[in-house]
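Here is a structure to work through by question and answer. Keep the coordinates open as you read.

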Amino acid sequence: MRSAFANAKKQIDNVASILEGDYKDKKKFLKAIELLKKPQRVIKKSLSIKLDNGKTKKFTSFRSQHNNARGPFKGGIRFHQNVSEDEVKALSTWMSIKCSVVGIPYGGGKGGIIFDPKTLSETELQKLCIAYSEAISSYIGPWKDVPAPDVNTGGREMAWMLEAYEKEIGYQAPATFTGKPLELGGSQGREEATGLGGFYILKDYLKTLRVGNHKGLETKKLKNKKTSIAVQGFGNVGFWFSKFASDAGYKIVAVSDSSAGVYNPAGLNIDDLNDYKKSGGSFNQFKSKSKFKIITNEDLLKLKVDFLVPAALENAITESAAKEIKAKTILEMANGPTTPEAEVILVKKKIDILPDVLCNAGGVTVSYFEWVQNLSGYNWLKDEVNEKLKKIMDKSFSEIYIMKNKKNISYRQAAYSLAVKRIIDAMLLRGRV
Ligand code: NAD
């Protein structure tokens, strides 16, 4: 399997052929494409903290700053044993694409520390957050690079890092980090933003379906009650997506966690499942008065549904899974859930894939709202946030839809083409190439 960063570079090469004709100066265009295939800067820092047992431990950390032609770098900080320089470089590239897809004024960034967070106490974690924030303090800031939470980090870690950063610079600068707790300038609506953004895309896509549009599928328009959806992963993203869809009358027939899936072709009660998960349960032990069946995660992927929504991990849909998929459309809520090899098979099967860089961009969009609110010192109400999010998601979907039809390409190719074009145009305007 190619490395994540090799995949990211290949995706940029793939859209180069689609965009080439749009540029008179081919040489400059190709130079810009080459620049997009490497981050502008990768910061690598060794951090050391004193553990509770008095011993000192060293950690390797990164911050990759991919491209800031459209605005400051923006992206999460990941704590995981599998973090690597290759991974942060890939993730920062995808953040540049995602911010550009939804037209928010940022470039891509990503950070990470190599360690398993379960192995540190809360005090040790706080020390590590402080050490990381101090180490990267001269590279970040509201108009330089704006970090946020990612895997295994959240509001608590952002609060510790903000405190350390403000101590370094000597004044308050809440717009340096997003995903903060509400008390420290976090935004209303951030928790549910990614799921809600994906739900808006679901509705936008359904509006485009026409009679007979899908070869070999039911020819009638999909109606709320008839639209069946299977969701892999029931964490923040999977739960909120399911909740909004279910409340709107769509039928969530299956959800899963890492242990198993829960399936009912007549539709599941999302609130019951959420209460169960909140009480610490795993789906393989799920009990309920309503009818349901426990299935495996592999079975969930094979269900005959209108929408399959991977909302858990990267590379969940592999080549072998793709052969078995019977869903009509895949709506990617996780980052990178479909391998390039699986995508080839799905495209042959005429299954539409609504790409991650669009579907899960609601999260970074509301992070952008948080930054705007912090910079202006003004807090918006939740309705205001959600309404603004809807406008951005709807506009982005429609731009991609138009591009897809104009160039006869896939949704992913259309999203990447639009995004890469916007970044390249910004680079050309700045005279970087
Ligand atoms: P989370 O940790 O809250 O939830 C992950 C869920 O996936 C859990 O229910 C977990 O049990 C399940 N899971 C783990 N391994 C699994 C497996 N092998 N099979 C099935 N389910 C499994 O994470 P999240 O914040 O919901 O993020 C999910 C995905 O969405 C990730 O790819 C993340 O990068 C992406 N994403 C999240 C946000 C956000 O705002 N949280 C924004 C953009 C993208």
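Q: How many disulfides does the structure hold?
A: This is a predicted model. A disulfide needs a pair of cysteine sulfur atoms within 2.5 Å. Cys99 is in no disulfide, and the nearest cysteine sulfur to it, that of Cys359, is 16 Å away. The count of disulfides is zero.

Q: Is Cys99 buried or exposed?
A: The cut-off for buried is under 20% relative accessible area. Cys99 has a relative accessible area of 0%, so it is buried.

Q: Is Cys359 buried or exposed?
A: Apply the cut-off of under 20% again. The relative accessible area of Cys359 is 0%, so this residue is buried.

Q: Which helices each supply at least two residues of the shell around the ligand?
A: The ligand is surrounded by 19 residues. The closest are Thr194, Phe234, Asn236, Val237 and Asn335. The helices that each supply at least two shell residues are H6 (190-208) and H7 (236-247).

Q: What percentage of the ligand's accessible area does the protein cover?
A: A polar side-chain atom of Thr194 lies 2.6 Å from a ligand oxygen. For Asn297, a polar side-chain atom is 3.3 Å from a ligand nitrogen, and for Asn335 the distance to a ligand oxygen is 3.0 Å. On its own the ligand has 830 Å² of accessible area, and the protein covers 70%.

Q: Where is Tyr139 placed, and is this residue buried, partly exposed or exposed?
A: Tyr139 sits in the loop between helix H4 (122-136) and strand S5 (145-149). Tyr139 has a relative accessible area of 23%, so it is partly exposed.

Q: What distance separates the C-alpha atoms of Tyr139 and Arg41?
A: Beyond four places in sequence, Tyr139 touches Arg41, Ile43, Lys45, Gln65, Lys144 and Asp145. Arg41 and Tyr139 are 98 residues apart along the chain. Their C-alpha atoms are separated by 10.0 Å.

Q: Is Ser228 buried or exposed?
A: Ser228 belongs to strand S6 (residues 228-232). Its contacts beyond four places in sequence are Lys251, Val253, Lys304, Val305, Asp306 and Phe307. The relative accessible area of Ser228 is 11%, under the 20% cut-off, so Ser228 is buried.

How values were computed:
Residues numbered from 1 in each chain as written. Predicted model: local features only at pLDDT ≥ 70, side-chain atom pairs only at ≥ 80, totals over all residues. Heavy atoms only, no water. Helix = DSSP H or I, 4+ residues; strand = E, 2+ residues; numbered from the N terminus. Buried < 20%, exposed > 50% of the residue type's maximum accessible area, 1.4 Å probe, protein only. Contact = heavy atoms within 4.5 Å. Near = heavy atom within 4 Å. Polar contact = N/O pair within 3.5 Å; in protein donor to acceptor, adjacent residues only side chain to side chain. Areas by Shrake-Rupley, 256 points an atom, 1.4 Å probe, with all protein chains shown as cover.
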